[in-house]
Amino acid sequence: MEQTMQHPWKKLSKEGTIPNLSPMMVSGKLEGNFLKTLVSMSNAKRVLEVGLFTGCGALTMAEALPADGVVVSCELLPYLQDLARGYLDQSPHGKKVIIKGGPALATIKELAKNGEQFDIIFLDANKDDYFSYFESIMDNNMLSPRGTILMDNALFQGSPYLKEKMRFDGQSTQKFNEFISKNDDVYQVLVPIRDGVLMIRRKVDVEGSV
């Protein structure tokens, strides 16, 4: 986290090396601990992360996995792939993180084709593609039984709930939140930490019996 905050993002963007990125995109300590706790509580062994950035979230989740556990993380930008790999390799848990380069949707479809399933799926990338991510994951049975999907930035600095003052870049988040809230097949809870984490589970996995 410290190195992420100190990285010359503005300089690199101005030079054209990377697009405009903010160090605030890092998961951070609070959300990282939240992710780590969920991975631990669910006894997860396989995690899919869509959006790596500098690897903070991926490493935090990897720390809670058993030795044979894995975090498959999708990252579009080669610069971030290399930067995160350098950070991850400094930790003994970094070996549990596999970085998949290229568009996340293509990686998801490739994983689905191979019949892969995940206990925790953390979505933290381009909000415009969340519908496609969710559709591919659910249609291809990529979420393990009793698994959980976590969508980051569900509050998007409050924009999805400002109505008339909604920012343009908050519209995709608002539409996805509304879609999930009206989806009869899933159970959802919005956790108001940092920029909001939307927890999504199959209803069959949360409803008990009598």
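**Terms and cut-offs**

Author: The side chains of R46 and E116 meet in a salt bridge, with 2.4 Å from N to O. This pair joins distant parts of the chain, since R46 is in strand β1 and E116 is in the loop between α6 (104-113) and β4 (118-123), 70 residues apart. The model is predicted.

Reader: What makes R46 and E116 a salt bridge?

Author: The rule asks for a side-chain nitrogen of Lys or Arg within 4 Å of a carboxyl oxygen of Asp or Glu. R46 and E116 have 2.4 Å from N to O, so the pair is within the 4 Å of the rule. Side chains of opposite charge can pair when their charged atoms come close.

Reader: How many salt bridges does a search of the whole structure find?

Author: Nine salt bridges. Among them is the one between the side chains of K45 and D68, at 2.7 Å from N to O. K45 lies in the loop between α3 (28-41) and β1 (46-50), and D68 in the loop between α4 and β2 (70-75), so this pair ties together parts 23 residues apart in sequence.

Reader: Why is D68 called exposed, and why is K45 called partly exposed?

Author: D68 has a relative accessible area of 52%, so it is exposed, because the cut-off is over 50%. K45 has 37% relative accessibility, so it counts as partly exposed. E178 and K182 form another salt bridge, with the closest N and O atoms 2.9 Å apart. There, E178 is partly exposed at 33%, while K182 is exposed at 60%.

Reader: How many disulfides are there by the rule?

Author: The count is zero. A disulfide is a covalent bond between the sulfur atoms of two cysteines. The cut-off for the sulfur pair is 2.5 Å. The sulfur of C56 is 18 Å from the closest cysteine sulfur, that of C74, so the distance is too far for a bond.

Reader: Are C56 and C74 buried or exposed?

Author: C56 counts as buried at 17% relative accessibility. C74 counts as buried at 2%. Both values go with the cut-off of under 20%.

Reader: What makes α4 largely enclosed by the rest of the structure?

Author: Seven of the eight residues of α4 are buried, so the helix is largely enclosed. The buried residues are C56, G57, A58, L59, T60, M61 and A62. Their cover includes α3, β1, β2, α5 (78-88), β3 (97-101) and β4.

Reader: What is T60 in contact with, leaving aside its neighbours within four places in sequence?

Author: T60 is in contact with G32, N33 and K36. T60 lies in helix α4 (residues 56-63) and counts as buried at 11% relative accessibility. A polar atom of the T60 side chain lies 2.7 Å from the backbone oxygen of C56.

Reader: Which value of phi does N141 have, and which does F156 have?

Author: Phi of N141 is near 55°, a positive value in a residue other than glycine. N141 lies in the loop between α7 (130-139) and β5 (143-152) and is partly exposed at 44% relative accessible area. Phi of F156 is near 40°, also a positive value in a residue other than glycine. F156 lies in the loop between β5 and α8 (171-181) and counts as buried at 12%.

Reader: Which residues form a nonpolar patch on the surface?

Author: Y187, V189 and V206 form the patch, with about 230 Å² of accessible area together. V189 lies in strand β6 (residues 186-191).

Reader: How do you know that V189 is partly exposed?

Author: V189 has a relative accessible area of 34%, so it is partly exposed. A patch residue needs over 30%, and V189 has 34%.

Definitions and conventions: Residues are numbered from 1 along each chain as its sequence is written. This is a predicted model: local features need pLDDT of at least 70, side-chain atom pairs count only at pLDDT 80 or more; totals for chains, interfaces and linings use all residues. Side-chain values use heavy atoms; hydrogens and water are left out. Patches are made of residues with over 30% relative accessible area and no salt bridge: like charges are joined within 9 Å, nonpolar side chains (Val, Leu, Ile, Met, Phe, Trp, Tyr) within 5 Å. Accessible areas come from the Shrake-Rupley method with a 1.4 Å probe; for residues, only the protein chains shown count as cover. Helices (H or I, at least four residues) and strands (E, at least two) are DSSP runs, numbered from the N terminus. Buried means under 20% relative accessible area, exposed over 50%, partly exposed in between (1.4 Å probe, protein chains only). A polar contact is a pair of N or O atoms within 3.5 Å; within protein, one must be able to donate a hydrogen and the other to accept it, and residues adjacent in sequence count only if both atoms are side-chain atoms. Contact means heavy atoms within 4.5 Å.
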